[in-house]
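This briefing concerns charged side chains and the contacts between them. The sequence and the structure are shown first, and the points follow by topic.

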Amino acid sequence: MLRELILFLEEFIRGHGPPAVAKAAFGLMSFAVLIGAALGSTAVKAGALVTAVLVITAAGIALIGRLKSEHRGLEVHKELVSHYCRLLDTVHPSYEVLDWDETMTVDDRGNAHTSLKIKVRAVHADLYYVRMRFGCGWSQPSRYRKRVRTTVRNLLANGSAGTTLRTTLSWPKDGAMAAIAHFHAPPPANSEVSLAIDLYWPKRCKPLLDGLPDEFGLMYWQPVKRATYRVVLPKGIEVVVEPISKTEGQTGLRWRRKVDTEGRETISFKVSDLPVRQRTGIRLQLKETRRAQRSG
């Protein structure tokens, strides 16, 4: 009987929406109270209240099921949008990345805050979006997705922040996120556009803080003139650094390290004219003494 009731309520939600469920639940509770007050019997009051609670519980189950189904459908649509945008970028590139400047600040829990500025040139007059992909060094469970925060803004000519852009986020797999920033209107051909991306990702650098090798790299599906990548480590953390590249001659990769007045070390590297679909960057790992201290 409960199953039939839930199915009925699912159909009711589909036709009338969640607000109608809330109104119906409030009405049932009010009706139960009125029946109990009118008849004056404790048993009748309890029975009416139990019935109302049962119906409300079933409505809640149906509503949760409906919302989960809609969420799954929305995620599928987002993945399709990302997939087709990637295909369009492959067969009909609409922009060229002139400059990519990314700084990732890691805290002592492995959470990462990324500040990214990019400048692109519109190759054609039909540049409607810019697609980016971000990842972490482990197969992160899906529960972290709801805690990821992303904001994309236009950067004005004087460098100040402009308005936010609509952004479509999808997750091709655990620990990998695709972000599509949609322009308000396509910029003219051969014009330059700058964007500022603010990304907070919990536990993104967990492998590094656990003492495992963690890679920080770049790979593009569009031509890139110049790119700079910085990793700001937690205070007092010391790491071993080695370059990684799947291109011959390291593609002009240059990396350096610097410690600020607060004892936070920054590892940075620069590349120029990075070939399409070729990954390059650095691999970091805690020094042996730091790993022993953290494990102890």
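**Charged residues and salt bridges**

Lys258 has its place in strand 12. The model is a predicted one. In this model, Lys258 belongs to a surface patch of positive charge, and the structure also holds eleven salt bridges.

**The positive patch**

- The patch gathers Arg254, Arg256, Lys258 and Lys270 on the surface.
- Strand 12, which spans residues 254-259, is the element that gives the most to this patch, contributing three residues.
- Lys258 counts as exposed because its relative accessibility is 51%, and the exposed class begins over 50%.

**The pair Arg230 and Asp101**

- Among the eleven salt bridges is the one between Arg230 and Asp101, whose closest N and O atoms lie 2.6 Å apart.
- Arg230 is classed as partly exposed because its relative accessibility is 25%.
- Asp101 is likewise partly exposed, its relative accessible area being 24%.

**The pair Arg279 and Glu215**

- A salt bridge joins Arg279 to Glu215, with 3.6 Å between the closest N and O atoms.
- Arg279 sits in the loop between strand 13 (265-274) and strand 14 (280-286), while Glu215 sits in strand 9 (residues 214-218); the pair therefore ties together parts that are 64 residues apart in sequence.
- Arg279 has a relative accessible area of 27% and so is partly exposed.
- Glu215 counts as partly exposed, at 36% relative accessibility.
- Arg279 and Glu215 are also members of a network of salt bridges that links them with Glu242 and Arg283.

**The pair Lys287 and Glu238**

- Lys287 forms a salt bridge with Glu238, and the closest N and O atoms are 3.6 Å apart.
- Because Lys287 lies in the loop between strand 14 and helix 5 (288-295), and Glu238 in the loop between strand 10 and strand 11 (239-245), this contact ties together parts that are 49 residues apart in sequence.
- Lys287 is partly exposed, with a relative accessible area of 33%.
- Glu238 counts as partly exposed at a relative accessibility of 33%.

How values were computed:
Residues are numbered from 1 along each chain as its sequence is written. This is a predicted model: local features need pLDDT of at least 70, side-chain atom pairs count only at pLDDT 80 or more; totals for chains, interfaces and linings use all residues. Side-chain values use heavy atoms; hydrogens and water are left out. Patches are made of residues with over 30% relative accessible area and no salt bridge: like charges are joined within 9 Å, nonpolar side chains (Val, Leu, Ile, Met, Phe, Trp, Tyr) within 5 Å. Accessible areas come from the Shrake-Rupley method with a 1.4 Å probe; for residues, only the protein chains shown count as cover. A salt bridge is a side-chain nitrogen of Lys or Arg within 4 Å of a carboxyl oxygen of Asp or Glu. Lys and Arg count as positive and Asp and Glu as negative; His and the chain ends are not counted. The place of a charge is taken as NZ of Lys, CZ of Arg, CG of Asp or CD of Glu. Helices (H or I, at least four residues) and strands (E, at least two) are DSSP runs, numbered from the N terminus. Buried means under 20% relative accessible area, exposed over 50%, partly exposed in between (1.4 Å probe, protein chains only).
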